[in-house]
Each structure stands twice: as C-alpha cells, then as structure tokens.
Amino acid sequence: MPNRGWWCSSGRCEIVVEWEGRNQLANMEKVARESDGRLRFGSAYEYMELMKEKFAKLLLGEDMSGGGKGVSSALALSNAITNLAASVFGEQKRLEPMAAETKARWRKEIDWLLSVTDYIVEFVPSKQTSKDGVSMEIMATRQRNDLHMNIPALRKLDWMLLDCLDNFKDQTEFYYASKDDEESQNGKTTRKDDKWWIPTPKVPPNGLSEVTRKWLQYQKDSVNQVLKAAMAINAQVLSEMEVPENYIESLPKNGRASLGDSIYKSITDDFFDPDFLLSTLDLSSEHKILDLKNRIEASVVIWKRKMHAKDSKSSWGSGVSSEKRELFGDRAETFLLILKHRFPGIPQSELDISKIQYNKDVGHAILESYSRILESLAFTVLSRIEDVRQADTLARNPSNAEQKKHTQNVKQEPETLNSTETPTSKTLLDFMGWNLDQGETNTKKDSHDDADAKHLSKPANVVTNKKISYIERLENLGGSRSPTARH
C-alpha cells in the first residue's frame with residue numbers, strides 16, 4: 001500500500017499525492033522534523049517535488065530540451081552523485097563537523113540516488129513449496145551481487161568519515177587562523193605551498209598534549225583505512241568496466257612507443273625493481289605524475305589486447321611471445337599500483353575518464369562515483385589532519401622548521417600518505433565488524449614519528465611472474481583488505 005504525502009493549510013491536512021517509496025517518505029518526514037520533534041507539515045511534499053525534479057533530469061539525461069541529446073543514464077547518475085558531493089563537501093578546508101542541515105541534505109539526496117540500485121537485480125535459482133507440499137525450483141530475483149556487497153560497505157565508509165569529522169566538535173587544543181588575526185595580517189600564518197587558500201592550523205606554543213596527539217593519530221589511522229577501502233572498491237569497479245573503442249583507437253601500436261625507451265627497458269629487463277624505477281623518474285609535479293600514469297595504463301591495455309588478439313597478422317601482432325607480454329603487463333600493473341598509493345590525490349587518468357564517459361552499466365556507474373567521492377573526501381580529511389600534525393611538530397621542535405627551509409628540495413613532490421598504523425589503532429575490519437583472517441599482525445610504530453616521513457616503505461616481495469589480484473597487491477603494500485575481498 002503506497003504512503004501518502006500530507007499538505008497542511010488553514011489548520012487542516014489533506015492528502016495531495018500518492019507515493020510508492022515508503023522508506024523515502026519516512027526519511028523525508030524524519031528530516032523535516034525540527035529540534036523539538038514537531039513535524040513541519042509541507043516539507044515532505046516539497047521534498048517529493050525536489051525528488052521528482054532530480055529524477056526527471058536523470059531520465060532526460062541532463063538534456064532539458066527533451067530532444068534526446070542527453071547522456072546515458074549511467075553517466076547522468078555518475079554526474080549527479082559527483083555534483084552532489086561537490087556541493088555538500090566542497091574542499092573541506094577545516095577539521096570540523098558538517099552543519100546539521102548540510103548533513104541531512106547529503107543523507108537524503110544520496111539515498112535517492114542510491115535507491116536505483118534496489119531495482120538492479122539478477123536471476124538466481126530458488127526453491128518454492130506449493131500449498132499441496134510439492135517443492136519446485138524457480139528463478140527468483142535479488143539485487144545484483146556486486147551491488148549487494150559494495151553498497152552497504154560504501155554506506156558504512158560514508159558514515160565513518162562523517163563520524164570522524166563529528167569527533168572534532170569538542171576539541172579545543174588547535175584552531176584555524178582567521179583573516180582578522182594579527183599574525184595573519186603580518187603574513188606569519190599564510191601557507192607557503194600551492195594551496196595558499198587553505199586555513200593554517202594553530203597549536204599551543206608547546207605543541208599538542210600527548211593525549212590529543214595520540215587521539216589525532218588514531219583519527220588519521222581510521223580515515224586511512226577508509227581511504228584504502230574506497231580506493232580498492234573504485235579500482236575494482238574500474239577494472240570491470242570495458243575499455244572504450246575510442247580510447248583503443250588513440251593508442252600507439254606498441255608498449256615501447258607509449259612508455260618511452262627508458263621506462264620500457266626497465267620494465268622488460270630480467271630484473272625489475274619498481275621502487276628503483278620510481279626513484280629514477282621526475283615526479284616533481286602533478287602533471288608529470290599524471291602523464292606517467294597515463295602512459296603506464298596505455299601500455300597495459302596494449303599488451304593485454306595483443307595477448308587476446310586472435311589474428312596474428314593484425315596491427316596488434318608482434319614478435320613478442322604471449323608469456324612475455326603477460327609478464328610485462330603484470331610488472332606495469334604492479335608499478336601502477338605503487339604509483340597510485342604513493343600519490344593517491346592525483347586526478348583521474350585518461351583511461352578512467354574514458355571508461356566513466358562511455359560506461360553503460362548503471363550499477364558500475366553508481367559504485368564508481370560513490371567510491372570516488374568517498375576516496376576524495378578521505379584524502380582531504382587526511383591532508384587536514386596532517387596539517388595539524390605538522391604544525392604540532394614545528395611547535396615542539398622550532399629548530400626543525402629552520403632546517404627544513406634549508407634542506408627542502410626546490411622541486412617539491414606532491415603530498416604523500418603514511419600507510420603504517422599505530423599498534424592501538426583499529427583496522428577497517430574492526431570498524432565494519434568483519435572477522436576476516438588477516439594472518440598478519442600490525443607493525444608497531446612509534447607514536448612520536450616525524451610528521452614529514454610520509455613515504456611508503458618498500459613493498460615486501462613484489463611478485464611479477466604470476467597474476468595476482470588487486471587485493472593481494474594491496475596487502476603487499478601494507479594495506480588492509482577491502483570489503484570487496486569478501487566476494
């Protein structure tokens with residue numbers, strides 16, 4: 001039986017619209033309640049009108065003229081989730097809770113967009129018993145398996161990130177300099193890096209207390225786990241998307257032309273050390289890192305297509321054996337994985353953008369966009385936490401600030417993340433309630449580590465002579481297994 005939206009006017013209420021979404025209306029009425037518990041009549045109706053407007057735009061493919069020139073449903077949903085996150089979270093310049101109205105809007109509208117996945121189903125065999133006791137096998141529908149596994153996991157990661165921001169509500173040991181401060185006017189609190197518009201955190205003259213320092217490290221470890229899980233889900237979904245023909249047509253004929261002689265020689269050498277190769281490359285700017293990522297991904301696609309090419313006389317054929325192509329492709333993917341974890345904040349590559357643009361699978365579009373915005377938010381929160389930790393380090397050791405000015409390289413590398421954890425921190429599995437056998441114990445870490453030591457340690461035993469999954473590679477880099485590991 002459908003729920004009803006209520007509209008009150010002149011002291012009386014009447015039914016004005018029928019709506020099938022029982023849970024949606026309940027959520028809308030819950031959001032519409034004021035702090036004293038009273039229901040603002042009319043809000044549910046207004047929310048339904050807003051919902052109809054948003055879904056009308058999705059059905060029109062963002063083409064308001066109705067001329068059929070809109071984008072696909074998958075891309076429209078992906079853009080809607082991305083735009084919603086951009087309008088709600090912005091750049092998250094400070095470590096502070098979201099406003100109640102903003103959080104309510106996010107919960108409401110992301111639920112609308114994710115509700116589409118409830119109707120993406122697959123047929124599965126099921127048994128049914130008739131009234132006369134005869135058992136028969138029928139085909140029943142259920143939510144598609146990848147959505148059934150990943151949507152709840154992403155919702156949990158979403159909740160964890162917002163909960164982390166809420167934890168900064170009552171902290172009083174650090175604050176952000178305002179434009180009216182005397183030090184700010186004198187330029188003492190202005191950031192010296194490329195993100196000058198981000199507020200500078202201020203800590204006490206002697207630094208943060210030991211309790212706050214450990215608590216801040218705990219928050220960082222928690223958000224770091226969210227980042228790793230969101231990256232793993234996003235990478236898994238992108239890997240399942242089909243490579244568009246437009247992208248394939250733009251590729252060079254072989255991997256050497258894509259990589260260049262130097263990188264190609266390192267990858268095809270008898271002994272391959274991805275960390276050594278990374279140390280020899282110029283990664284002094286975001287543009288150079290993105291260009292390297294594009295070339296590596298292009299070479300992987302080229303080698304994979306050549307392995308699966310049936311016509312040996314085609315333009316994709318060459319004299320290199322399939323075994324070597326598989327080895328080279330695996331090495332390139334290993335190097336690409338290390339690059340992504342060393343620089344998690346770099347923009348999307350040409351391959352990723354092309355896959356998202358031409359993807360027709362609505363389920364993949366929702367999973368990719370939702371995991372991508374959570375990955376972006378987690379990375380931003382980690383950056384803001386790192387700003388506070390760096391301010392604390394400089395306050396406790398003022399001499400390090402002067403030394404850093406003299407020893408800092410002119411070509412600054414983009415900010416990287418520390419993937420190690422404190423021995424008292426919880427893993428993502430602890431938060432999610434999943435009891436998977438890790439088979440490993442957490443590496444102990446001194447809580448007084450220098451905040452500038454942010455580079456990942458060299459992964460142990462990087463295997464390139466056999467195919468391993470993204471999750472296994474993530475574990476080799478010291479990360480926790482993502483929710484997709486349950487598949």
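In which sense do strand β3 and strand β4 pair, and over how many bridges? The views below start there; this is a predicted model, in which local features need pLDDT of at least 70, side-chain atom pairs count only at pLDDT 80 or more, and totals for chains, interfaces and linings use all residues. Residues are numbered from 1 along each chain as its sequence is written, and side-chain values use heavy atoms, with hydrogens and water left out.

**View A. The hairpin of β3 and β4.** Strands β3 (residues 121–129) and β4 (residues 135–143) run antiparallel, paired over nine bridges. Pairing calls for at least two DSSP bridges between two strands, and strands are DSSP runs of E with at least two residues, numbered from the N terminus. Look for Q128, which stands opposite M136 in β4. Five residues lie between the strands, and G133 takes a positive phi near 90°.

**View B. Helix α15 and its start.** This helix (a DSSP run of H or I, at least four residues) has 35 residues and reaches 51 Å from first C-alpha to last, close to the 51 Å expected at 1.5 Å a residue. That expectation is 1.5 Å times one less than the number of residues. At its start, a side-chain oxygen of D361 comes within 2.9 Å of the backbone nitrogen of G363.

**View C. T380 and its contacts.** T380 sits in α15 (residues 362–396) and counts as buried at 15% relative accessibility. Leaving aside residues up to four places away in sequence, T380 touches E91 and Q92, where contact means heavy atoms within 4.5 Å. The C-alpha atoms of T380 and L95 are 9.9 Å apart, although 285 residues separate them along the chain.

Definitions and conventions:
Buried < 20%, exposed > 50% of the residue type's maximum accessible area, 1.4 Å probe, protein only. Polar contact = N/O pair within 3.5 Å; in protein donor to acceptor, adjacent residues only side chain to side chain.
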